[in-house]
Every structure is written in C-alpha cells, then in structure tokens.
Amino acid sequence: MKMNAVEAGLLLNKVREVNPLVHNITNYVVTNFTANGLLALGASPVMADSRAEVEEMAAIAGALVLNIGTLNERTAEAMVLAGKAANRNGIPVVLDPVAAGVTKLRSLTAQRILKEVNVSVIRGNAAEIASLIGESAESKGVDAGASKGNVKDLAVRAARKLDAIIAVTGATDYITDGREVVSVDNGDPILTKVTGTGCLLSSSVAAFLAIEKNMLHAASAALAVYGTAAELAAADTLGKGPGSFQIEFINRLSTVTAQDLAERARFEKGGL
Amino acid sequence: MKMNAVEAGLLLNKVREVNPLVHNITNYVVTNFTANGLLALGASPVMADSRAEVEEMAAIAGALVLNIGTLNERTAEAMVLAGKAANRNGIPVVLDPVAAGVTKLRSLTAQRILKEVNVSVIRGNAAEIASLIGESAESKGVDAGASKGNVKDLAVRAARKLDAIIAVTGATDYITDGREVVSVDNGDPILTKVTGTGCLLSSSVAAFLAIEKNMLHAASAALAVYGTAAELAAADTLGKGPGSFQIEFINRLSTVTAQDLAERARFEKGGL
Amino acid sequence: MKMNAVEAGLLLNKVREVNPLVHNITNYVVTNFTANGLLALGASPVMADSRAEVEEMAAIAGALVLNIGTLNERTAEAMVLAGKAANRNGIPVVLDPVAAGVTKLRSLTAQRILKEVNVSVIRGNAAEIASLIGESAESKGVDAGASKGNVKDLAVRAARKLDAIIAVTGATDYITDGREVVSVDNGDPILTKVTGTGCLLSSSVAAFLAIEKNMLHAASAALAVYGTAAELAAADTLGKGPGSFQIEFINRLSTVTAQDLAERARFEKGGL
C-alpha cells in the first residue's frame, strides 16, 4: 500500500463511519477547539483528566492523546496512568510535547511519559522534537521554532532513538518510523495565528490511529486532511483574519472530501 | 397556567430584564461557550470552583449549575459545598450528569450530589438519566445515546425516584416532575456536532429557574427558547458547517424573540 | 512625548514587530480567547500555571498577567511565585482583579499579590478597583458595575495608594500613575456581551508593556488599539449579535492599523 490521496480519502471516510472515541488529556487553552475539531472531523471527543477516572476512560477509547501544555502535578500523574491503561488495552497513544525544552517540568514530564508509556506517535514542531532527543533548536515559548538543522533528518533520528512514529510539522511535515519517511506539503501559514492548531492536529492524528493499524499511513493521512481543510478555509477567508479562519477551518474539517484530497494532497514518500 | 409559546416568550423577556446571575461549576471544555451563551440569552454568568469561594458565590447567585464533566476530587468537593450553600439560601440547583454511567467517578459523584444536595432539575440525555436510576441505556462517551426504552417513561420514573424535575433531551425533549410531562419538539441535529450544547442548555435552564418559581414551566421554556434559537441558526448557516452554526447560535440566543417562539415553539403537555 | 494616535500606532507596529511573549496565569473561561486575541494583536501567548514551571516561564516572558478569575489555592500560589520571578527579572506585571470584592478569596488573593509582588499595571472595572482600596462600588458578579463616584478620581486615589498604574475601564477608560491621567474614549457596548473582553484587554496591556517602558503610554495605547478594533468589529457586525462580533473582533485585532487609530483614537490627557 502506497500512501497517496486516494488512501487518505478512504481513511477520512472511515473516521466518519466509525466515529472513534478519542480521549484527550490536554491543556485548558484548547479543550473547546479540540473537541469541536474532532466532532467536525467525524470523531467523538472525550476529555477527562482525573486520576480517578482516566484509566477507565482510556480503556474504552479508540485512541489517547497526552498533551503537556498547562501541565500540573495532578494531570502529569493522570497522563502516565492513562497511558499505561491504553498500553494494557492495545490502544494507540499520541504525545504532543508542547513547549518541551522550554521549562524543566515540561521536559521531565515528556521524558517520564516516554519512559513509562509506549507512545505510538509523537507530533510536535522541530524545536519540541529536538528537545526530546537532547538536541537544541530555536524555540520561543510554544511557537514553532525554525530548526536550523535538517528537519527530515531530525525526524528520523528521533524516531529511531524514541522508537515511535515521529511527525514533525511545519511548512512541510515529515512523518517517519525511522525507516520510511512521508512528507506532506499541505496547510497554510495562518494556522500559526490560531491557538491550538498544533494540539488539534495531534488529536486528529489520534482519530486516524483509532481506525487504521498502519500508523505511518494513519498519521500521514491525518496531516494531509488537516492541511487540505486549512487550505480551503484560508482561501474562503482570505483577507478577513484569524477569527474567521478559525471558524471556517472547523467548517472545512467537517466538509472536506476525498475529492478535495485528490486535488490538493501533496504526499511524497521516499527512503532516507 | 398552561405551558405554551406565549408563556415561554414572557419568561424569555423576564430573563433579559432581570439578568440573573448564574453560578456555573462546569467542565473546562465548555466554560467559554457557556459564558457567552448565557450572556447572549440575557443572563449574567459567573464561574468559580474553589472550595474557598463557592459557598459565597452560590449564595449571591440566582441559580447554580453543577456539571460533572472533567471532574476532579477538588471540584467534586466544591460542587457539594456550593450545592449545600444554594440549598440553605433557597437557590435552585441544576445538575448536568455528563457521562454518568461511563466512569465510576462520574456515577459516584452524581450519586453523592443527589444524596447531599437538594437538586431542582436534572438535565441530561437518556443514557445519563437512566444511569442515575440504575437502568442502562446505550452510551458512548459523552454523546447522547439513543435509549432503547421509552424516553418519556424513563423521565417519569427518574423524576419520581430522584424527587426532582427531570429534563431528558434528545430529538424530542421530555420535562417532568413525575406527575405532569411537557414535551418540547424544537432544535436541530447539528447541535450534536458542537461541543457543550448540552452543557449550555443546562445553564440556560438555570437562568430560567432563577426568574420563575414554577420549575416545570421554567425548564420547558428554556428548552423551547434554546431549540428555537438552534433552528433559526441552523437555517441561517445551512450547508456551511458546525463552526458557523456555533457562532450563529450565540447570535440567535441574543436575538430570538417571543414572536419567534410563537411561530416555532412546539410544546405538548399531557398526563402520564 | 505626548500620548496621541500617532504614538499609539507606533507602539502597535512595535508589538507586531517584536512579537513579545506574554505569560498569562488566567482563568479557565478565557484562555482560548485570550491566546487568540494576543496572537491576532501580534504577541506570542503562553499559558502555564503550575508552581513547578511558572518562575521559569515568567523569567523568559516580555510581560506577565495575573488574572484572579477562577482562582484556586494552587493557582493563587503560582501567581505569587510567577510575580516574584517577574520582579527579579525586571519584567512588567499586570494584575486583573476579576471580581475582587465579590468573594473573600478574590479580595484576599488580590491583596496578597499586591503585597508580595510589585505590580506595574492594574486593569479592572470601577467596582474591582474600588474594592482594592477598601472603597465600595456597585458590583454584580464579574460584570462591570457602574461606580457612583467619579471614576477618574477613583483611579487617581488607587494609583497613589497602590503605587501602580491604574487602568479603570468602562464607557470611558482612565489610565493614571497618580500624577497624570490619560482618558481613552473608544470601544463599543457589545464588548460587555462577550466573556473575557476585560481579561484579553489586560493581556493586551501586557503586550504593550513588553515593548514600551513608559507604562502610562503603553497602557493607554493598548486601550485605544483595543477600543478601535472593537468599534470596527461592531460596525462590521451591526445587528448580527455577540457571536459574530467576537470573531470579527479577533479579525480586527489583527488588521487594525495606525491609520485606523489616526481616524478613531480618542485620547485626552490632563492634570488632576
């Protein structure tokens, strides 16, 4: 099976047919946007971060997202518990290492999760992924820093070292298991002007993992769907601003079709 | 007094005149949407969930909402404290048992609130209400499950067993005190594609309870106003998607009139 | 240097050029709106409220915002830690005393912050500012109460007593260091129908403090930019409702220009 627009369209349709339950332990800035984005895409979001219930919730979900923005001691603990429960039940886990490398708490929590939980996919910008493997990249708060090195090579090194699928997103996205690399060249710069677009992207990857076992393909399809919806929304709201884009993007996540992917998705797959 | 569109319109106007303060202890997914929805409707929202202040806040509110989505130990405790303070001050309490039955924490917390607090109205979907009285209904995460049994009968059984007004919402809503049943047949399926529409509905019921002592009428009017605004917003944004609907729904909550209710509200009231 | 529309336009352009990192410890109702508003304005928002990371985050920020809505014991402690770290690093601190005077927790926390942290600017409505200096003003929940006294005089008394810049916002805003007073007469009443517009205003003031040392000018410029964007958004969405306004306001924060300020900003500066 080769990753292409047709395959991505089939996976999109499957998300909408299955409505997978995606359990998010995420930061309190993006909860509403994430839930609405997942609903628009066709998934079924649930948020729960109490240690007293995350194991039960993760066990009935199709996928689990651990997002370390606005962490605290209580939720960090809940993430590890939920991750272990997902592992016991064979449920894929996505880690979004928001601002890893910026504070010790975030770096240590990301490391702890990677040590105690079998993470399926890590989705972050170049600075965040670099920090996970002890490399440095320019970083400024939670914004995507432009890495000075080669982003594709960074992704491959991280995938091998962390034994997980890595999705480094930026102007071009690279998804790799350390052997194969898929690049996705969709999206629009206005995504960087709306908070939580990276977080929702991680949750969208989780929705695709819930319905497709080939994780490299699932993650790549999610990125292409997301980027295509963003391009359509950006075209619809050209010149208006990020408020209008945010709303139209939710619209487009619900209306983007396999046909739109056939016309716009730009995948490239190659060796290393 | 018979519940009808004219009565609902009068209550809507009274909400806008009185601007009742509604104290919400709610989940962190829906806070912004709930506050903006209450403002649009004409109420005055306040959010506070610290044990150190909820009693004071509940005591000055016109109504209190306890919503168990994204619970934790701290906020569960705060809900009980706030509920008791509301009871001491004669302030109506709405319980939204989000995903009761899905995890033990949610079921036990809902049961604890029902035991320690005199709850005026419980607003939930069929699965949630069924779980509160030990019955089962199909449930999947926090989505509204379609109950296999007769929803109206479920509502009556729950009202009698829990000694509260029950509002079971779905394609048709049933509101009952265990003796009389009002059905409301407004709304639009796109409401299920926007997160927090159930939560905001519970808070809207609270706004009406704050200004009308006949709780069956207050709750029924709130549901009809909400469903009518949703119908108007769905018509305005037909074919666009849930992003546009969410925004237009807030608009319509602020502009829906007694005249709109006269044209669209579909109440039915009968015996058992 | 005299505060006027030209000056405000220069500061707006500087915010967009510098993209200052603004660290917000704020209430969970407004996080998404605040982050999107700051991004639209040209700043770079970060949210972090764990005691384990706020000192590091505040130390790398251009400004810190402490907003006491939806406080709890954990976040109150984090605010003090972050505030002290900001002070040690010479980083300006904005306090938004949401609903100070309404509950003991809020009043005591505001007092504690003012005692332990050197606060640069306090932005609130008349009731909140009055409560900080032991005066009373009409207050109802978190809504802006209309003060019976003279708001300008209140601002001056508070500035002298609290040794901080005070920005009392309402129909007309007054900004003062206790010696000079700038009034800003921009904005639109629909701002009171969208939750978090006061909170985002405080965070916008922080963005301007991060790029301009004359704090009276920075705060005044932020208020004029904010009010001008609101006027443009209100005109664009006339008759639609608060949902549309909220979105268009975010758009306008990103597109408002120095030229718009030249046409609309209404400053007045005078002695006491």
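The report below takes these topics in turn.

This is a predicted model, with local features needing pLDDT of at least 70 and side-chain atom pairs counted only at pLDDT 80 or more, while totals for chains, interfaces and linings use all residues. Residues are numbered from 1 along each chain, chains are lettered from A and ligands numbered from 1 in written order, and side-chain values use heavy atoms, without hydrogens and water.

| Helix | Residues |
|---|---|
| helix 8 of chain A | 197-209 |
| helix 9 of chain A | 215-236 |

Their axes come within 8 Å and cross at roughly 135°. Axes are lines fitted to C-alpha atoms over the stretch in contact, with angles from 0 to 180 degrees between N-to-C directions. Contact means heavy atoms within 4.5 Å. Residues of helix 8 that meet helix 9 include Leu200(A), Val205(A) and Phe208(A).

Chain B can be laid on chain C by a turn of 120° and a shift of 0.0 Å along the axis, with an RMSD of 0.0 Å. The two copies are thus related as by a three-fold rotation axis. Superposition is by least squares on C-alpha atoms with pLDDT of at least 70 in both. In chain B, the C-alpha of Tyr28(B) is nearest the axis, 3.8 Å from it.

Arg157(B) forms one with Glu135(B), the closest N and O atoms being 2.8 Å apart.

Notes
Helices (H or I, at least four residues) and strands (E, at least two) are DSSP runs, numbered from the N terminus. A salt bridge is a side-chain nitrogen of Lys or Arg within 4 Å of a carboxyl oxygen of Asp or Glu.
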